[in-house]
Amino acid sequence: MNRSANSDMSGLDTFSGFAQIIEASVLARAQRGDMQAFATLYARFGQPCYGLALRLTGNTAQAEDLVQEVFLKLIETIRSYRGDAPFGAWLKRMTANAAIDQLRRNKRFVDADPEAMFASAGAVEANSAQKLDAAALLQRLPPRARAVLVLHELEGYTHAEIAKLFGQSESYSKSILARGLQRLHATVAEPQAET
Amino acid sequence: MTRTNAKPIEVVNAILQHIGDAQPQPPTDLWTRIEAAHGVRSRRRRLRRLAAGGMFCVALAGAVALRSLHAPSATPEIDWQARAQALELQLLAMQHENHVAVATAANFDADPATGELAEIDRRLQAAYEHQNPVSQLVPLWKRRSELLDALIAARREGLTLTRI
């Protein structure tokens with residue numbers, strides 16, 4: 001199941017979000033350190049980058065920090081971009097990597113045991129309004145589970161790719177995803193039981 | 001997105017669809033903040049480079065100062081061999097100009113200094129043949145320089161006297 005407008009990892013099946021094609025001249029200027037070219041890149045990719053960051057972190061402040069971190073890194077590393085992959089796909093991967101690095105840096109979420117991860121995040125009860133709010137529902141998942149769910153279900157990453165990103169096994173990714181979906185199903189089912 | 005009469009799995013799918021379709025906009029000033037952060041980083045990097053360069057210069061100056069402090073003497077070491085050879089050339093030129101006998105082994109008996117000079121030459125020759133260490137050669141070259149200095153001084157005195 002992949003609901004992203006940018007379903008192909010290469011990012012060229014549509015022309016929005018990360019799939020936008022960027023002119024070679026803009027890239028060349030950016031590679032020469034032209035800040036105006038970076039402003040153009042931000043104008044094109046700032047929104048998809050922020051959207052992905054927000055889906056992965058579930059927090060606007062963290063998403064803003066992430067976008068800032070990604071674009072600062074882009075300014076520093078764009079010279080190493082050789083055009084092997086579409087620019088959008090490269091930037092998307094950079095954003096996902098930055099989000100996962102942020103999760104890793106946060107010691108609270110280092111726990112690799114899915115059982116423990118879901119147990120620690122299980123205490124929060126959603127109210128009716130939250131259950132109708134998609135973003136709030138995702139917030140109820142442990143951060144790693146949310147990231148796995150977003151990457152797999154919305155961004156089209158495979159379990160192998162997610163496992164590589166997290167430095168875990170594929171079965172870890174599958175387990176986290178299954179539990180995350182189960183948690184969401186249970187959450188949306190609760191009000192029906194109440195009424 | 002509605003949950004009424006829908007199975008949880010359908011609701012979750014709808015939620016994910018909703019999240020996937022959403023295009024949240026970043027704050028309008030985010031790029032300005034990124035540019036500002038980049039400016040700060042660049043300035044810091046330049047400062048770090050300057051500081052590193054400055055520290056390198058200070059370390060270099062310190063190393064040079066330390067080396068000169070630990071050097072055996074404040075003046076550079078004298079190359080006695082070169083000095084002796086230069087003095088010999090000077091003496092030869094003087095003797096040639098004034099038609100004075102050359103200080104060679106052939107006439108060393110005429111002057112005690114030239115006799116000692118010949119003796120030093122023999123010892124130097126022997127030292128080189130036996131491949132003696134430099135530490136044994138240096139005192140000989142030094143003594144040779146001193147003798148040549150004395151000879152030059154004597155010749156100068158003699159010349160002065162002649163002129164008077």
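Visitor: How many helices and how many strands does chain B have?

Guide: This is a predicted model, and in it chain B has five helices and zero strands. Read from the N terminus, the order is α-α-α-α-α.

Visitor: What makes a residue of chain B count as buried, and what percentage of the 164 residues are buried?

Guide: The cut-off is 20 or more other C-beta atoms within 10 Å of the residue's own. In chain B, 13% of the 164 residues are buried.

Visitor: Which residues are buried in helix 9 of chain A?

Guide: Helix 9 covers residues 159-166, and His159(A), Ile162(A) and Leu165(A) are buried there.

Visitor: Why are the buried residues of helix 9 of chain A said to line one face?

Guide: Look down the helix axis: the buried residues of helix 9 of chain A fall within an arc of 120 degrees, so one face is what they line. Just past that helix, Gly167(A) has a positive phi of about 70 degrees.

Visitor: Where in chain B does pLDDT stay under 50?

Guide: Residues 102-109 are one such stretch, with 14 contacts beyond four places in sequence in the model.

Visitor: What is the mean pLDDT of chain B, and what are the ipTM and pTM of the complex?

Guide: Chain B has a mean pLDDT of 79, with 80% of its residues at 70 or more. For the complex, the predictor gives an ipTM of 0.74 and a pTM of 0.60.

Note on methods: Residues are numbered from 1 along each chain as its sequence is written. Chains are lettered from A and ligands numbered from 1 in the order in which they are written. This is a predicted model: local features need pLDDT of at least 70, side-chain atom pairs count only at pLDDT 80 or more; totals for chains, interfaces and linings use all residues. Helices (H or I, at least four residues) and strands (E, at least two) are DSSP runs, numbered from the N terminus. A residue is buried if 20 or more other C-beta atoms lie within 10 Å of its own, exposed if 12 or fewer, and partly exposed in between; C-beta atoms are placed from the backbone. pLDDT is the predictor's confidence in each residue, from 0 to 100. Two residues are in contact if their C-beta atoms, placed from the backbone, lie within 7 Å. The arc is that of the directions from the helix axis to the C-beta atoms.
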